[in-house]
Amino acid sequence: MHSRNEHKIKHYGRRKYTYATALFVIFFWIFEGVSFAQGKGVLTDTVNRVETGYESAVATAKELIGRKGLAGDTDTAETDMLSSADGSDGSETGGEGPGDGMPEASDGDETMTDVVNGGGDGDLQEDEGPVIIDEDTIREDEGPDCALIRVNDTYFDDALFIGDSRMVGIYDYCGWNNATFLCDNGYSIRSYAKGNAVLCQNKHAKFTPEEIMESDDFGKVYIMIGTNDLPSNDTEAFREGYAKLIDAINEKEPDAVIYAVANLRMSLKGENSNTGRGFTNARMIAVNEVIESFADNEKIFYLDFNPLFCDEDGYVNGSYTFDGFHVHASEYSQMGDFFREHAVAYSVTDEQIYTPTEEQADEMTETQTDEQFATPTEELTDTMTDEQTDTQSNEQTDTPTDT
Amino acid sequence: MFTDIYFVFLLLPILLILLRRIPAAAGKWVLIIAGAVIYLICAKWMGLILVLTVLVNYGFHQWIAFSKKKRGVTGVAVIVNIAILAAAKITGYMPLGISFVIFQLISLLVDAGDEIVPFADYLIMTMFFPKIFMGPIVRYSDIKPHLRIWIDRRLVRWDNIEAGVKLYTAGLFLKVVIADNLASLWNSLMIAGVLGLSTPTAWLGAISYSLELYFDFWGYSLMAMAAGQMFGIPLARNFNEPYSATSIGDFWRRWHITLGTWFRDYVYIPLGGSKKGAFRTVLNLFAVWLLTGLWHGITLNFIIWGMFMFVLIVLERFTPLGKIKNTKVLCHIYLVFTVVISWVIFALTDINDLWLYIKCMFGIYAPDSAHSTQQFFRLLRTYWYLVAGGIVLATPLAKKLYYWIFKRWYGVLVLMPLLALCAFFMVRSTNNVFMYYAF
């Protein structure tokens, strides 16, 4: 008896790893049990709690050290895997977005003049007229305000791009080094509504949209967000969150034009592999409809480049994508061109945010006829579906007013 | 399976506790049944094909034991197994783990000779669940002693568990924290498409793939070893710091060791090895490497990969290239350079893509290339510490670190946060937690 107990006692030290692991396992399941009891399901809430805990710990530590989050210094610790809310970051197999080529000359080769600078630079090589009105995007309820025209890359000097991994792809491949990209994998309206900061790609630090609009001035804000909201399947919450974002932009940047960009749809393969997780094309279309409802053609414009990539069945063509969610790097040039070709020249206060060159201005007045105000014919309305309405085209006033 | 949170933190402890209480004979059957259940859950219906193959092979063993023409029957059995593997690969109906199990079966057929293997023991030798998926291919002579009842009254012993826990955590860390997270770098390159690559990105991707493949497989092998040890059936080591090798020949004595020795003992040596002159040696090496490539996959890139290795090994054996292993620094540069390129060949099944990728690595871009420097720096910023950490762990430093931590008293204090970190990543990638799938 006596010696057997002694024998056991001597073994405690020799089994410390086993005991430590056993302790960990027991605590782990107690933790999960507590989550479950609180109605949060086994395992589902653990990561959230850890991430939130980690983020607040990092934030507290930073405050103690006296650093603020708005500094533009490179802080790669921010981009590590643990500190991404909602599991968003490059460590998921969702991957990051691809994009398009190097900063190559945009087509048209116009040189852009700034409102501030006022003057043209000469060197105009125009191949097509500047005013592009897409006939198949004429909407019934459109009120002609601004024409959507083609611009070159300097238009994006004061542009803010907010989005998820597809926006990261645009950052990667459209070559707009001048613009500000507030986007990262996994970013969603849900994440925004919670007040989570997201990585600003060109500043290498995390900000919330409000913070970044406070620190910089933007003339245009592009929002392409919603894919990562699909699993939660809560259209109302999405609408509320999106409205909150729009309000925030209106408050911080009252003169900015907002482009509410429709989310790129999925390929059939992408949907099939991810239906179980809540990603379906039908939900994507529904989310895009919510986004579209915010457009007022005066300050908020709805852009939809899905027709560039989708087949008749409404799915993205499989040849454009590897995982069903992101197009190849080489396809991002199409997206870039789309943004360049659907830009607004005037802000909501009629402030000219893009000065057309003389020749462009001439063309504008020439082509200003009743055709621009064409009401949709019966034929057109019939063929109009959600897939085809992308941009609104509006009338341009005769004389641009300079401020 | 090894990285599934319910397996690691629920099933494994329960199995261990259960097997501790019951004698070895019954314990073996508990292991077998539990293993079969785990396997069939993972492999689903196709797993039954594998189970059937194992049973058929047991029949062969009995036949060999009672037949007079033992070698003939063995030959038939081996051919049948090869046929099954080839059929599986060609038709694409591959039950999980079949490549490994078939090779295990062949090894047992040849080694067991005419010994009569008890059924339970045979099932464990072939379908022991830690090694059924990607596990080491063990030798009959290595595993037999551990299955004899009168040596171990119980399969599960405390000191084995103690040792196994540390090793399992290390393997888990490598797979779940390092490999799985590095995988998304390569994945995002695939998403972008080969035309979206710039030269630095291509190298970054290739290096990260090389690291990811290593830590994935090595981590898994460590977990298999640990699980085997915990259950009283130690399994062979599969990796020995391969990226510290001094030549490709040396590399293959350190990478996936059990496969290399399998090909050596069952293909190379029976064909004559290096004992029949230079020409014959080259031919034998050709056969070995062709088969090695095909074993990994039947698409063209795997054959190219096998031939790539074959050429290098022949050059190392018969030309002055072989002297590279005597250099101090050059050999490591040579090895990393060639192996990283070889893994790119291994990774890309589309030959077009492969060709574009390799050209991109050397600065030759396709005319419609859409490469961007933006992407490279962004990837670097996101992944640099994983890649750097991976490179450090790929050196002999990893082993030294492991022993240094775990031989000291504070090793226990390191274990808990390590487990917590692993648990965090395992939970995050659990399928039912869909909200963590991020686009």
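# A walk through a predicted two-chain model

Let's start in the middle of things: the largest nonpolar core has 162 residues, and the members that touch the most others are B:Phe9, B:Tyr168, B:Phe215, B:Phe231, B:Trp343 and B:Tyr357. Keep in mind as you look around that this is a predicted model. The element that gives this core its largest share is α10(B), with 18 residues. As a bit of background, nonpolar side chains in soluble globular proteins tend to be buried together.

Now for the rings. Counting over all chains, the structure holds 80 aromatic pairs. One of them is formed by A:Phe28 and B:Phe9, a tilted pair with 5.3 Å from centre to centre and 40° between the planes. A:Phe28 lies in helix α2 (residues 16–37) of chain A, while B:Phe9 lies in helix α1 (residues 5–21) of chain B, so this pair joins two chains.

In chain A, A:Lys220 lies over the face of A:Tyr155, 4.2 Å from the ring centre. Likewise, A:Lys244 lies over the face of A:Tyr192, at 5.3 Å from the ring centre.

Back to α10 of chain B, which spans residues 199–230 and contains B:Gly228. B:Gly228 is buried, and its relative accessible area is 0%. What is it in contact with, once neighbours within four places in sequence are left aside? The contacts of B:Gly228 are B:Phe128, B:Pro130, B:Ile233, B:Pro234 and B:Leu235. For a sense of scale, B:Gly228 and B:Leu393 are 24 Å apart in space, C-alpha to C-alpha, and 165 residues apart in sequence.

Further along chain B, the loop between α10 and α11 (248–251) holds B:Glu241. B:Glu241 has a positive phi of about 50° although it is not a glycine. Most residues other than glycine have a negative phi. B:Glu241 counts as buried, at 15% relative accessibility. Chain A has a residue of this kind too: A:Asn297, not a glycine, has a positive phi of about 60°. You'll find A:Asn297 in the loop between α9 (281–293) and β8 (300–303) of chain A. With a relative accessible area of 6%, A:Asn297 is buried.

Let's stay with chain A, which has 13 helices and 9 strands. Of its 403 residues, 52% count as buried. Look at contacts in chain A between residues at least 6 apart in sequence, and 73% of them join residues at least 24 apart.

One helix to trace by eye is α3 of chain A (residues 46–65). Its 20 residues reach 28 Å from first C-alpha to last, close to the 28 Å expected at 1.5 Å a residue. The buried residues in α3(A) include A:Thr46, A:Val47, A:Asn48, A:Glu51 and A:Lys62. What covers them includes α2 of chain A together with α19 (411–428) of chain B. After α3(A) comes A:Gly66, whose phi is positive, near 100°.

Finally, a word on confidence. The mean pLDDT of chain A is 72, with 62% of its residues reaching 70 or more. Over residues 69–145 of chain A the pLDDT is below 50, and beyond near neighbours in sequence this stretch has 242 contacts in the model. Residues 367–403 of chain A also have pLDDT below 50, with 90 contacts in the model beyond near neighbours in sequence. Where pLDDT is low, the predicted coordinates should not be read in detail.

Key
Residues numbered from 1 in each chain as written. Chains lettered and ligands numbered in written order. Heavy atoms only, no water. Phe/Tyr/Trp six-rings, centres within 6.5 Å; stacked < 30°, edge-to-face > 60°. Helix = DSSP H or I, 4+ residues; strand = E, 2+ residues; numbered from the N terminus. Lys NZ or Arg CZ within 6 Å of the ring centre and 35° of its normal. pLDDT = per-residue confidence, 0-100. Contact = heavy atoms within 4.5 Å. Buried < 20%, exposed > 50% of the residue type's maximum accessible area, 1.4 Å probe, protein only. Expected span 1.5 Å × (residues − 1). Core = buried A, V, L, I, M, F, W, Y, C linked by side-chain atoms within 4.5 Å.
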